[in-house]
Amino acid sequence: MDVKRSYEVRTYGCQMNVHDSERLSGLLEDAGYVRAPEGADGDADVVVFNTCAVRENADNKLYGNLGRLAPMKTKRPGMQIAVGGCLAQKDRDTIVKRAPWVDVVFGTHNIGKLPVLLERARIQEEAQVEIAESLEAFPSTLPTRRESAYAAWVSISVGCNNTCTFCIVPALRGKEEDRRPGDILAEVEALVAEGVSEITLLGQNVNAYGSDLGDREAFSKLLRACGQIEGLERVRFTSPHPRDFTDDVIAAMAETPNVMPQLHMPMQSGSDTILKAMRRSYRQERFLGIIEKVRAAIPHAAISTDIIVGFPGETEEDFQQTMHAVREARFANAFTFQYSKRPGTPAADMEGQIPKEVVQERYMRLVALQEEISWDENKKQVGRTLEVMVAEGEGRKDGATHRLSGRAPDNRLVHFTKPEAEVRPGDVVTVDITYAAPHHLLAEGPTLTVRRTRAGDAWEKRNAAPAQPAGVMLGIPKLGVPAPLPAVTSGCSVPTSS
């Protein structure tokens, strides 16, 4: 290409999709494309949709967005539109039939083919639909355009071996495939050498890691190995499955200093009857038992979860079991979802679908309870002195309040008074917590210490470089940085613990 073509990536859904979009951006830049300015809103030579299929109306949202681009494409000669991700894997030829102006359709298993497919579509002047049935190349072997200088995703596995009745992800991303530990650690070490100080290990069912390798303790060994990497300050992982949450993992978390005291573990329901209907292989007692063990080993751990309200067949008694489990668990945060049918899942055809108004009423009761618990748990942080890693884009009101924002070790969001000394994203400050709200903490006094870090240096170096078009347009999380807590768009947490 003599004139560099611009691109825009729009991401919907889970953290796995966000990570895949970093790969798609890297592939396109490696092929000579440049990123369109932030807010381009379709004003680019190539627009890529990285889709999610877990919402009931996911296809309507996609076709609505594609429809808005159709007139833009007519006015812009040579513009191309590509659709990838889970919905592409699921719908295949349907996309081109419903939106014939789409140039490329690719699946979850062959994201590495995007530049080739775009070029082929341009030369042949016809849509290219290529959906691989199995993984062609592990995503982490592809070029990457990472969204953060100081925090990074590291994928340790793809796919899922579970068969949860509400989740279509295993059907679209396939059986679990694990990366070799040496490859994972080599990527982490390379990231740390570039200035990254926080990594989040990522998998559909992250703590099942090792099932493909024949080592049941592979995940705990991986956590301990991350603890040996000099310069790596914070290690997180998401999302684990209660079935695979074994004592060796808890011990590794407690005994590895840079593994953070934070756990996001999807419960989905507190009712044994509903858990069975969901094909979740644990029951309430087992789930609460894991939490008890984690808190015994890591007293200050912040534990969060996902909960689905109104799953088919859920009675008021079943719902009360969920409320009981929430009271017992005392989650720092819970991502609560009203059940909606996911086309292609067994639950969509189950008898006993709950009326919308009943689901809504239960949902509001659950949210009110969890809000109360979150606030109570946050109030326990008042008076503590915490190390906060300064973040970018976390505090929407920072400019108006003259504050900065960051994450405590347990991933709680902390807003703190801006110190006189220069502080950069990736640097670490020490503050005293003075106030707690349900979803954040405040440190209204002076900052106690400011520690400049290699991660802050990396952020400064990146932002001192010649200005480049900014911003892959991501649905979640903001700026592509590992989410503070899995802000997912369905009751299936993705990482989708299915």
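## Surroundings of helix α8

The buried residues of α8 pack against α7 (181-193), β10 (198-202), β11 (234-238) and α9. Here buried denotes a relative accessible area under 20%, with exposed over 50% and partly exposed in between (1.4 Å probe, protein chains only), and contact denotes heavy atoms within 4.5 Å. In α8, the buried positions are A218, F219, S220, L222, L223 and C226.

The model is predicted; local features need pLDDT of at least 70 and side-chain atom pairs count only at pLDDT 80 or more, whereas totals for chains, interfaces and linings use all residues. Residues are numbered from 1 along each chain as its sequence is written, and side-chain values use heavy atoms, leaving out hydrogens and water. Helices (H or I, at least four residues) and strands (E, at least two) are DSSP runs numbered from the N terminus.

## Two helix pairs

Helix α8 (residues 218-226) crosses helix α9 (residues 247-255) at roughly 5°, and their axes come within 8 Å. The two helices are therefore roughly parallel, a label for angles under 35 degrees, with over 145 counted as roughly antiparallel, 65 to 115 as roughly perpendicular and the rest as oblique. Axes are lines fitted to C-alpha atoms, for helices over the stretch in contact, and angles run from 0 to 180 degrees between N-to-C directions. On the α8 side, F219, S220, L223 and R224 take part, meeting D248, V249, A251, A252, M253 and E255 of α9. By class, this contact of α8 with α9 has six nonpolar, one polar and three charged residues; Ala, Val, Leu, Ile, Met, Phe, Trp, Tyr, Cys and Pro count as nonpolar, Asp, Glu, Lys and Arg as charged, and the others, Gly among them, as polar.

Helix α11 (residues 284-297) packs with helix α12 (residues 316-329) at an angle of about 10°, the axes being 10 Å apart. This pair is therefore roughly parallel. From α11, Q284, L288, I291 and R295 meet Q321, H324, A325, E328 and A329 in α12. The contact of α11 with α12 divides into four nonpolar, three polar and two charged residues.

## The sheet with β14

An open sheet of three strands has the order β12-β13-β14, with parallel pairing; two strands pair if DSSP finds at least two bridges between them. Strands β12 (262-264) and β14 stand at the edges with a single partner strand each, so one side of each lacks a neighbour in the sheet. From one strand to the next, the twist averages 10°. Strand β13 (residues 302-309) joins β14 over six bridges, S304 having N333 as its bridge partner. D306 stands opposite F335 in β14. Helix α13 (residues 356-379) packs on this sheet, touching β13 and β14, and its direction makes about 175° with that of β14.

Strand β14 (residues 333-338) has six of its six residues buried, so it is largely enclosed by the rest of the structure. Both of its faces are covered: N333, F335 and F337 are buried on one side, and A334, T336 and Q338 on the other.

Seven strands form an open sheet in the order β19-β20-β17-β16-β15-β18-β21, and the pairing is mixed. At its edges, β19 (435-436) and β21 (449-451) each pair on one side only. Strand β18 (residues 428-432) pairs with β21 in the antiparallel sense over three bridges, and V429 has V450 of β21 as its bridge partner.

An unreviewed UniProt entry places "domain: TRAM" at residues 379-447; its positions are in the numbering used here, feature names are shortened, and annotations may be inferred rather than shown by experiment. Residues 379-447 are 7% helix and 38% strand, and the end C-alpha atoms of the span lie 20 Å apart.
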